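Subject: Structure handover

Hello,

I am passing on the structure we talked about. Please find it here, with notes below.

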Amino acid sequence: MNSAMSRVGMRLREGLDRVLLQTRIVLALSEAEFVLRSEKGSFGVWGVLFEPFALMMTLLALRILVRLKSTDLLNPVIWLACGIAMLYMFRKIGIKALTGVSKKQKLFFYRRIRPLDTLLASALIEARIHGSILVFVFFGVSFWNWTFQIDDPAMILIDFMLTVSLGLGVGVCALVVGHRLPIVKTLTKFGINRVLLWTSGIFYATYTLPGPMRPYVTWNPLLHSVELLRHSLNTAYPIPGISLQYLMVCSFLSCGFGLLFYFLNEALLLSDD
Amino acid sequence: MTEQPRARGSAEPQHPLAPRRVQQGVRWIGDKGTELSTLALPRIRSRMEGSLGSLFSSRTIAAAFVLCSAIYCFGIGRDRYQATSEFVIKQPLPPATAATTVLGSLQSSSVMSSLEDGRYLQVYLKSNDVKQSVFPDSASFLKSYAPQAPDRWSGLPADSDEQDQLAFFRNQLAVVPQELSGAIVLTTSAYSAEDAFALNNALLKQAQRFVNEVNQSISADQQAFAEKQVAFAQDRLTKASNELEAFQDRYGQLDPLGEQSATTSFISGLESRLVDLKVEEASLRRQYRDPDAPEVAFVADQVRELQRQIQEERDKAVGADGRDLNKLATQASRLQGDVEFARQSLSSAMTAADNSRMESQRQLKFIVMLSKPQMPTGPEASWRWKAFLSCLGVLVVIWGVGGFMLTALRRD
């Protein structure tokens, strides 16, 4: 009995060690990517953070110039920042998953490093960049207005995690399927770059749309993510037709299918394109 | 590059990052022949054991934080009870404006009105006045929400001042107007089901009182204003009528305009007669050689007299010593205009007052309960998960943002 218990304990310990080791690999790859990016960029390490930040500022300026209608329930800067941060995080994670594996072929020389690790590392660094931007914008505006309102912080955490996993899942699915059907990669890129921009609620709130129009945009899980983030900052912000369950289902399904396709086709991804 | 089965020992670092990865003080772990001990990932192992002390301490702190959060959220934390009610502030609309809108999604005026009242209520229900009305006795408030063992952190300490009490009171209630429906959701929380339920009911009474008071105040103001306008118009009419009467008493009941017209026609008649006499005089002068003949002199006298009479009549009509019918006519016309205007003003003011009275009766607002508060049957458990996830969120933000910034600073 005792020996069986100790064997189970040993197995658990081994499993935990493997998970921790894989986590460290992902963290190390993430850091390596951070360094590579900072070397590529014009502004060094801070450029990695401030380039997306500058993009957000440009869109904010555009909004001020065009005078797009927003809502008075949230500060317009925070309202817009929520949309832009989530969309661009999803976009970067998805596109990196599509294109990143072929660029990291050299790293697969090390047997411990698998394509999924590089994808996770990219997702991690994108999540940290966009999360940092969101935090900076939020605290900046809050200090400027001297009002601090987060009605549901737990929801923010869940929403953020689900969006990251959604981006990763969609990217991995498209990557694996795109290896066999290249048109899928092209279509996914087009969808992520064009269609999502206009259906993710960056420039409009769902509740301002007429009822019959909503089904044309609420199919997009990213819209749910953006609107839930806004709603979690102020629970009075209405979210008709938006649900956490839908985002959760989309995220889990995309991740599940992505991992399934990935493990069935890992050898294909490891080979040179 | 194809996947390498093993690159034992002989694997030279080919990766471009490799030279940067070699750092002083990085320790090699395990067999150098394995892939993990190559130059590509020395940081992994260096983190695992090289700087184990610092990592261990930060991990310990994080783990302790998570553990403490979990113990507090799921163990020590007191039960919270919530009571929720939902209502709408309805204002009856006349049939003409209550028609459906062209687009169903457009917010109707009643929704906007309820929403506006809801926003007022949002501020009012969290005011100190309401707190004083709901908890007139500060001691009982402190007693109801006093901290209890083992959870000594939540609750209102016995030595808290008025500001703390008000802040705590505000935290116990949430008034959320719904943008789309105009309904107002009132949620109260407390450490016992009875307190949460009682607080919700008390706040509903306060909301009812607020709506009634506002209505009555607005109606009273509107009514008073309208009545003041009627009184003012009446005064003006009386004054104008008195002035006209005084004028007529002074100059008689004759109509200056008519009199002026009669005088004008009288003078015209005289002038006509004068023309006839002048023609007759000219005729006589041709008949008689002597211009002083009695017949001619008689007619000439008539002509002179008539001219004098005409001049006298003209002077009487418009001269300084006469009645100056032009001036009188203007004055009479102005006074009559004043009276007419004052009469119309009074009529308008009375109509407005009547409308105001009817409007004030029609615009009375009512609180329509959509969902009455229910006595909570059990404690609200979602706060435990929310609080725990919020603690994890804090950790994630510290790790994600703080760690990111530290890395950037270190690399800079």
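This is a predicted model: local features need pLDDT of at least 70, side-chain atom pairs count only at pLDDT 80 or more; totals for chains, interfaces and linings use all residues.

Residues are numbered from 1 along each chain as its sequence is written, chains are lettered from A and ligands numbered from 1 in the order in which they are written, and side-chain values use heavy atoms, with hydrogens and water left out.

Chain A

Chain A has nine helices and zero strands; helices (H or I, at least four residues) and strands (E, at least two) are DSSP runs, numbered from the N terminus. Of its 273 residues, 54% are buried (buried is under 20% relative accessible area, exposed over 50%, partly exposed in between; 1.4 Å probe, protein chains only). Among contacts in chain A with a separation of 6 or more, 75% are between residues 24 or more positions apart (a contact is heavy atoms within 4.5 Å). The accessible surface of chain A is about 13,000 Å², and carbon and sulfur atoms hold 69% of that (Shrake-Rupley method, 1.4 Å probe; for residues, only the protein chains shown count as cover).

Helix H8 of chain A covers residues 244-264. Its 21 residues should span 30 Å at 1.5 Å a residue, and the end C-alpha atoms are 30 Å apart, which agrees (the expected span is 1.5 Å times one less than the number of residues). Buried residues in H8(A) are Leu244(A), Leu247(A), Cys250(A), Ser251(A), Ser254(A), Gly258(A) and Tyr262(A). Viewed down the axis of H8(A), the buried residues fall within an arc of 135°, so they line one face of the helix (the arc is that of the directions from the helix axis to the C-beta atoms). They pack against H4, H5, H7 (221-233) and H9 (266-270) of chain A. Gln245(A), Phe252(A) and Leu264(A) are exposed on the other side of H8(A).

Leu264(A), with a relative accessible area of 64%, also belongs to a nonpolar surface patch of about 500 Å², together with Val249(A), Leu253(A), Phe257(A) and Leu260(A). Patches are made of residues with over 30% relative accessible area and no salt bridge, where like charges are joined within 9 Å and nonpolar side chains (Val, Leu, Ile, Met, Phe, Trp, Tyr) within 5 Å.

One backbone angle to check: Trp146(A) is not a glycine, yet has a positive phi of about 55°. Trp146(A) sits in the loop between H4 (115-145) and H5 (153-180) of chain A, and is exposed at 68% relative accessible area.

Salt bridges

Over all chains there are 10 salt bridges (a side-chain nitrogen of Lys or Arg within 4 Å of a carboxyl oxygen of Asp or Glu). Arg384(B) and Asp79(B) form one at 2.5 Å, N to O. Arg384(B) lies in helix H12 (residues 382-411) of chain B and Asp79(B) in the loop between helix H3 (52-76) and strand E1 (81-90) of chain B, so the pair ties together parts 305 residues apart in sequence. Arg384(B) is buried at 12% relative accessibility, whereas Asp79(B) is partly exposed at 33%.

Another salt bridge joins Lys131(B) and Glu162(B), with the closest N and O atoms 3.7 Å apart. Lys131(B) is buried at 1% relative accessibility, and Glu162(B) is partly exposed at 40%.

Regards
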